[in-house]
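Student: I have just been handed this protein and would like to be walked through how it is put together. Could we take it step by step?

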Amino acid sequence: MNKNQHVVPHQKLWGVRGEGNKRITRKTFTQQEAIEIARKIAKNQRSELFIHKKDGSIRERNSYGNDSIYEEG
């Protein structure tokens with residue numbers, strides 16, 4: 001099963017965490033770096049990416065799955 005990826009604040013850093021996981025997959029100094037890592041994982045797994053703000057609320061959500069009825073090509 002493909003896990004959605006979350007970019008979350010983690011202590012004074014940023015973390016990438018697969019949905020349902022207790023542990024952080026990767027820790028980074030910047031949110032942008034965490035987003036790039038999480039985006040690659042989400043694209044590879046054809047899942048969704050949730051980007052959280054420092055307060056934990058969701059700032060942005062992107063889907064990399066094939067949930068669209070319209071596909072290019």
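Predicted model: local features only at pLDDT ≥ 70, side-chain atom pairs only at ≥ 80, totals over all residues.

The questions and answers below go from the overall layout to single residues.

Student: What is the order of the strands in the open sheet?

Tutor: The five strands form an open sheet with mixed pairing, and its edge strands, β3 and β5, each pair on one side only. From one strand to the next, the twist averages 20°. Read across the sheet, the order is β3-β2-β1-β4-β5.

Student: How many bridges join β1 to β2, and how many join β1 to β4?

Tutor: Strands β1 and β2 run antiparallel, and in this pairing P9 stands opposite W14 of β2. Strands β1 and β4, by contrast, run parallel, with I51 in β4 as the bridge partner of V7. The counts are six bridges for β1 and β2 and three bridges for β1 and β4.

Student: Which residue in the hairpin of β4 and β5 takes a positive phi near 95°?

Tutor: Strands β4 and β5 run antiparallel and are joined by five bridges, and within this pairing L49 stands opposite N62 in β5. The hairpin they form has five residues between the strands. The residue there with a positive phi near 95° is G56.

Student: Why can β4 be called largely enclosed by the rest of the structure?

Tutor: Both faces of β4 are covered, with E48, F50 and H52 buried on one side and L49 and I51 buried on the other. The strand is largely enclosed by the rest of the structure because its buried residues number five of the five.

Student: What span does helix α1 reach from its first C-alpha to its last?

Tutor: Helix α1 covers residues 31-45, which makes 15 residues. At 1.5 Å a residue, a span of 21 Å is expected, and the helix comes close to that. From its first C-alpha to its last, α1 reaches 21 Å.

Student: Which residues of α1 are buried, and what does their cover include?

Tutor: An α-helix has 3.6 residues a turn, so residues three or four places apart point the same way. In α1 the buried residues are Q31, A34, I35, I37, A38 and A42. What covers them includes the strands β1, β2, β3, β4 and β5.

Student: Is H6 buried or exposed, and which side chain makes a polar contact with its side chain?

Tutor: H6 has its place in strand β1, and because its relative accessibility is 10%, H6 counts as buried. Leaving out residues up to four places away in sequence, H6 touches G15, V16, R17, E19, F50 and H52. The polar contact of its side chain, at 2.9 Å, is with the side chain of H52.

Student: Is K27 buried or exposed, and what separates its C-alpha atom from that of H10?

Tutor: K27 is found in strand β3, and its relative accessibility of 51% is why K27 counts as exposed. Apart from neighbours within four places in sequence, K27 is in contact with H10, L13, W14 and G15. Although K27 and H10 are 17 residues apart along the chain, their C-alpha atoms are separated by 7.7 Å.

Student: Where is Q11 found, and what is its phi?

Tutor: Most residues other than glycine have a negative phi, and most peptide bonds are trans. Q11 lies in the loop between β1 and β2, and at 72% relative accessibility Q11 counts as exposed. Its phi is positive, in a residue other than glycine, with a value near 55°.

Student: What percentage of the 73 residues in the protein is buried?

Tutor: The protein exposes about 5,500 Å², of which carbon and sulfur atoms supply 45%. Among contacts with a separation of 6 or more, residues 24 or more positions apart account for 30%. As for the 73 residues themselves, the buried share is 34%.

Methods:
Residues numbered from 1 in each chain as written. Heavy atoms only, no water. Helix = DSSP H or I, 4+ residues; strand = E, 2+ residues; numbered from the N terminus. Expected span 1.5 Å × (residues − 1). Buried < 20%, exposed > 50% of the residue type's maximum accessible area, 1.4 Å probe, protein only. Contact = heavy atoms within 4.5 Å. Polar contact = N/O pair within 3.5 Å; in protein donor to acceptor, adjacent residues only side chain to side chain. Areas by Shrake-Rupley, 256 points an atom, 1.4 Å probe, with all protein chains shown as cover. Pairing = 2+ DSSP bridges. Axes fitted to C-alpha atoms, helices over the stretch in contact; angles between N-to-C directions.
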